Amino acid sequence: MSEVLVSALSFTLQKQAESARAAFERGKLAQAAELCAEILAEQPACLTVRKLERAILLKLASIRSGSLSKMVQAVSNAPFLLGGGLKLKEEPRAALAAAEKLLRRDPQSTAALALLGQAAMALGWPETAVFACEAATDLEHDRPDRWVALSGAYLAAGRAKDAGHAADEALRLQPAYADALVLQRAAAVAVSMAQGKWGQGGDFRAKLAGGSTESPPKP
């Protein structure tokens with residue numbers, strides 16, 4: 001299954017999406033969140049609805065009173081993360097569901113966002129992975145592993161320049177980070193190919209391995 005636009009949803013789901021946005025704009029957040037969850041249960045690849053749901057959940061979280069402390073939340077969320085992680089390789093849809101369940105409880109859980117991104121990558125939804133990884137880096141911008149995950153998602157989505165920038169940020173935070181170096185090189189290769197410079201000597205494997213003397217193009 002590939003990512004789908006709202007316009008590709010069934011008529012019923014399109015109407016639900018319209019109702020969800022209208023409810024959000026009127027401040028009926030619980031109703032809007034419920035509608036989004038129903039749509040995503042049937043069409044989890046609809047990124048537009050997923051983005052709307054996140055905006056709703058963040059708004060709800062900002063006005064919620066008497067919430068659990070971060071430490072208590074982390075402990076109570078642990079079983080969901082563990083179960084989702086175990087299911088990731090063999091059952092990415094189950095991992096996705098675990099991430100969704102946790103994010104509906106705690107939309108600022110970066111671990112749940114990371115799991116969502118990994119599940120989306122496994123399902124072939126690169127823009128959903130980008131969305132999840134961007135949200136995680138916004139919350140934990142000083143963690144190089146978050147930037148590495150974002151770089152990989154950008155690369156899978158065909159956004160090579162963005163992938164290079166994210167890898168650069170990971171390396172700024174942790175110089176010589178092996179995964180970031182690999183992604184930085186892969187991003188430079190992809191940018192070079194896109195700019196039509198690939199025929200200037202050498203082969204693909206040599207350039208990807210760093211055998212090319214050509215400098216990576218500036219963004």
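How are α9 and α10 oriented to each other, roughly parallel or roughly antiparallel? In this predicted model, the axes of α9 and α10 cross at roughly 155 degrees, and angles over 145 count as roughly antiparallel, so α9 and α10 are roughly antiparallel to each other.

**α9 against α10**
- The two axes come within 8 Å, and α9 passes α10 in a left-handed crossing.
- On the α9 side, the contact uses A160, K161, A163, G164, A167, D168, A170 and L171, while α10 brings A180, L181, L183, Q184, A187, A190 and V191.
- Sorted by type, the residues of this contact come out as 11 nonpolar, 2 polar and 2 charged.

**α8 against α9**
- Helix α8 (residues 144-156) packs on helix α9 (residues 160-173) at about 165 degrees, with the axes 8 Å apart.
- That angle makes α8 roughly antiparallel to α9.
- The crossing of α8 and α9 is left-handed.
- From α8, P144, W147, V148, L150, S151, Y154 and L155 meet A160, D162, A163, A166, A167, E169, A170 and L173 of α9.
- The tally for the contact of α8 with α9 is 12 nonpolar, 1 polar and 2 charged residues.

**A closer look at α10**
- Helix α10 covers residues 178-194, which is 17 residues, and runs 25 Å from first C-alpha to last, close to the 24 Å expected.
- Its buried residues are A180, L183, A186, A187, A188, V189, V191 and S192.
- After α10 comes G196, with a positive phi near 75 degrees.

Technical notes: Residues numbered from 1 in each chain as written. Predicted model: local features only at pLDDT ≥ 70, side-chain atom pairs only at ≥ 80, totals over all residues. Heavy atoms only, no water. Axes fitted to C-alpha atoms, helices over the stretch in contact; angles between N-to-C directions. Helix = DSSP H or I, 4+ residues; strand = E, 2+ residues; numbered from the N terminus. Parallel < 35°, antiparallel > 145°, perpendicular 65-115°, else oblique. Left-handed = near helix turned anticlockwise from the far one by under 90°. Contact = heavy atoms within 4.5 Å. Nonpolar A, V, L, I, M, F, W, Y, C, P; charged D, E, K, R; others polar. Expected span 1.5 Å × (residues − 1). Buried < 20%, exposed > 50% of the residue type's maximum accessible area, 1.4 Å probe, protein only.
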